[in-house]
Amino acid sequence: MESSIVTPVRPLASAEAPSVSPIAVAQRHWSRLAVFAILSFAAYAFAIADILGDALAGSRAVVLLVLPILIGVIASGYRQAPRGVSDTESDWIVALVAGIVGFTGIHLLRNRMPTLSVQWQLDLLGVLLWIVCLVAVMFGVRHVVRMWQLWLFAVCCISPLPFLLTAAAFGGSDTVVALLTAALGATAVFLAGRSASLGRRVSATLVCLASASALTAVVGNHLSLAGTVLLVAGVVPVVVTVVMLLRDAQLMSTATSAWTDMPHRSPLSLLMLVLVAVMLLLINPPHAKSQYASTVAADWEARAGLKEQESFPFITRYVGADATFVRYAVPPVDGMPTAAVDVITTGRLATLADFDDAIWYPSSRPVEYQSVDDESMPSGARVIHSNADAATDAAAVDWYAVTWMWKTGDAYQRVTVIVNQTSKSDVPPPAPAALSLLDTSIKPALWLARQQPDGVGQVDPLVVARADRVIKLLMGSSEPAPGATTGD
Amino acid sequence: MTETRQTVVLPKHLSASTILGRRVLFGLGCAAVLFVGIAFTLPHHIPPLITLLIAMLYLCSTIDRNYLVLRGLKSSALVHVSDEEAMMLTDEELPVYTVLLPVFDEPAIVSNLIKGVGRLDYPSDKLEILLLVEEDDIPTQTALLDADLKSLRIVLVPHSMPRTKPKACNYGMSLPDLEGELVTIYDAEDIPDPLQLRRAVAAFRRVSPEIGCLQARLAYFNERQNLLTRWFSLEYDQWFGVVLPAVDELRCVVPLGGTSNHMTTKVWREIGGWDEFNVTEDADLGVRLARNGYRTLILDSITLEEANSDVVNWIRQRSRWYKGYMQTMLVHLRSPVDLRDTIGVKATLRLINMTGGVPLTAAINLIFWFTMLVWVLGRPAFVAEVFPALTYYICLVLFIVGAPLSIFVGLVATQALGKPYLWWAALLAPLYWLLQSIAALKALYQLIFRPFFWEKTVHGLTHATASTETTGGN
């Protein structure tokens, strides 16, 4: 039978003044926002805890630490209900379609390109998608569309990889990282001031940028990176935005009318959202930390008879000023392919972990790390190789690598044994190269679009044997001195 | 003496009131469960067969739609009545005309009436304008209190379910003292060509008695307001100016537009009036005209309407239309053999394609696009399984030929209709298809859970600057 429920509409022509008292509005406003915040964070509580843990441990992907704050700053510019017609069913349908398509896409990409997905932290895109769906259902799809600048900002920042690569492009020091986050904070302030006059908006942005830069210079050397970033890209943008909003008379008057026309949502809708949040929490458990970084002898390179062949200073732009990336030559063996040992060393485990899934060697197609569960291998070892069966150009050198983490004294090392897949060649394995956005985004996307076959190719057993032999040598040389502890 | 209402009773089997009742839904649910069970039991046979069937039907549907557009562009079958011919009719020659104006929650009604229906060029003593206002619609009643509206009769429609436009119109037509020989219906915000009623009278005199209805063309006064209004306008210019004349030429069923359909009161009563439970009572009426042996011609006279400029409002409106199309299809397919015997196989198939086929293909679009995305990103084996070679090639043709062809036909239509400024809207049509898919999902949901709910379209969203001058006429 005919339903008596008439969906409330708010035509442009009749955007009426608020009819409820400011207190009631505020109460309604805050309770809905509180539910929204709880659901947003609860669904991905473990992932968020991981991010916080990594950031406090010294990770350089600190943009994630302040991103929720910056999103909140930008969202403060959208306090007025949008004008136009609203429709509950459309909100749900759009949220469902976006959610199903988005989460399916993320799931498929994670399975198809696991290494690249971890590098890009594709899971975090799921957090954003969940928030978008949540806003669509709780506040209306009109809000979602209107807040496109916020989503664009969030998409650009949610994956730490572009941030880390940008920081690397500017030198990669901690100061650069902090200044980059300060610039993002200033951008957030600019976006938050969408209702303010252009002059006030630009002034606030410049004040934010200048004060954050000055603070970086003053306190950067006294605080940890996370502390500095929280101050310059968290506290400063919030303060500047609050001042900007409070000083703007127009915004002052409209603030009281905020959210007066929020769509009605039934308890059943809320229950469904809670169920989805719980489901997301269950399917996104905390990341199992691999038991890597076994403690080894500090002079294992020398004991293994390795000689330093080349160093790659570009690593300081990624892992920090104290980092080194050295290639050690492995003596050739007749009839066996050429091999080398590459070692990245730094005093900060978290910064090294930022690039756990980076691929430093050239490949014509996306390649994947595969875990190795073998007692003859170091703990946490992973294998990766290019596809020697695939057609490629004559200059390309196919390689096979095994990588793991060791700890020597106060330093952490990522050790990679790399072998040339061409057995009868004297050409050494390819040298590591700096990461680029082209290699980590555009090329894989094009490869995906070209619908290339998924086969990873076969590796010559001789190549594997060569790598195993080098690994055995290294493991034999790495025995720690008696009394040293193992594991981390 | 007590005057009695002239009620028209629609036979139950022609009404949407009893489709998809609880029993039917239960049956459909059981059938769906059974079907899914069989599909799981025979995963290598049933799902590929289904996709093949859908792909073939989709291909046929696409070919037919493009054929209709191209045929309509080649030869226009509009009924032209010149201004001179319309004005030649003397007052004595003109019949009494009933104009129905159903309104609900339209406080801006007075200004709309003055701009629109109030400008109709027809002798006031031969014009019965019935403003049908719901009994509990206080805002509209308040707006009408001080209005000086001549030749207009305000009719309060008693509250009852379903609260639909056809119910209000049927109530208006049941008034005992109506004298109209011809009847038409306008929406409150419509701006009809001032000579439209005269043109309709002249046309009815000229055409054969088998013509039961003249549908005036609908166009939009705010078509340049935004991308959505451009899409909307392009779509309906094609529909009324190109497709429907072609459909009539092929002796198939013409689904009527929501307003500006003119017919004799006698025919209207003969075919049973509007179905109060059908949310596109106009399309349904078109089918019943055909089933009673009447044809519908397109009158070359324009009624300007407000193109929907708001995406959410558009989805609401379109979902109602889609729901109504499906209701219409289901009602008339209750006895497919009867339908085929009455209107023929070709017209039956085309009717399905032009009513229920529209929302169903729009919903299927979403599934096909999603499947393509899944294939590109993940290449899961089940996609290869359900798209064997033949299905794959049909879908490939649809994707790389059908979709661009539809865009191209849209571009051709912009030129043919004399609206080259709509070219970029035609190019961006795939985005419009996405909106149509969302509306189709909403329609499918409502067809099951709220079948008779009238999703009210909000009017008055046009910016003042976006409106163009009323051109009227032909």
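How many helices and strands are there in chain A? After that, please walk me through the sheet in chain B.

Analyst: First, a word on what you're looking at. This is a predicted model, where local features need pLDDT of at least 70 and side-chain atom pairs count only at pLDDT 80 or more, while totals for chains, interfaces and linings use all residues. Residues are numbered from 1 along each chain as its sequence is written, and chains are lettered from A and ligands numbered from 1 in the order in which they are written.

Chain A has 19 helices and eight strands, and chain B has 18 helices and eight strands. Helices (H or I, at least four residues) and strands (E, at least two) are DSSP runs, numbered from the N terminus. Chain B has 474 residues, and its radius of gyration of 23 Å agrees with the value near 23 Å for a compact globule of that length. That radius is taken over C-alpha atoms, and the globule rule is 2.2 Å times the number of residues to the power 0.38. Along its principal axes, the C-alpha trace of chain B spans about 75 × 50 × 45 Å.

Of the residues in chain B, 47% are buried; buried means 20 or more other C-beta atoms within 10 Å of a residue's own, exposed means 12 or fewer, and partly exposed is in between, with C-beta atoms placed from the backbone. In chain A, 41% of the 488 residues are buried.

Now for the sheet. Chain B has an open sheet of eight strands in the order E3-E2-E1-E4-E7-E6-E8-E5, with mixed pairing. Two strands count as paired if DSSP finds at least two bridges between them. At the edges stand E3 (152-157) and E5 (191-192) of chain B, each with a single partner strand, so one side of each has no neighbour in the sheet.

Let's follow the strands from E1(B). Strand E1 (97-103) runs parallel to strand E2 (127-134) of chain B, joined by seven bridges, and Val103(B) has Val133(B) as its bridge partner in E2(B). E1(B) also pairs with E4(B) in the parallel sense, over four bridges, and here Leu100(B) is partnered by Ile185(B).

How enclosed is E1(B)? Seven of its seven residues are buried, so the rest of the structure largely encloses this strand. In a regular strand the side chains alternate between the two faces of the sheet. In E1(B), Tyr97(B), Val99(B), Leu101(B) and Val103(B) are buried on one side, and Thr98(B), Leu100(B) and Pro102(B) on the other.

Moving on, E4 (182-185) and E7 (261-264) of chain B run antiparallel, with two bridges between them, and Leu182(B) stands opposite Thr264(B). E7(B) is antiparallel to E6(B) as well, over three bridges, where Gln215(B) faces Asn261(B). Across E6 (211-220) and E8 (295-305) of chain B lies helix H8 (227-249), running at about 155 degrees to E6(B). Angles run from 0 to 180 degrees between N-to-C directions, using axes fitted to C-alpha atoms, for helices over the stretch in contact; contact means C-beta atoms, placed from the backbone, within 7 Å.

Methods:
Two residues are in contact if their C-beta atoms, placed from the backbone, lie within 7 Å.
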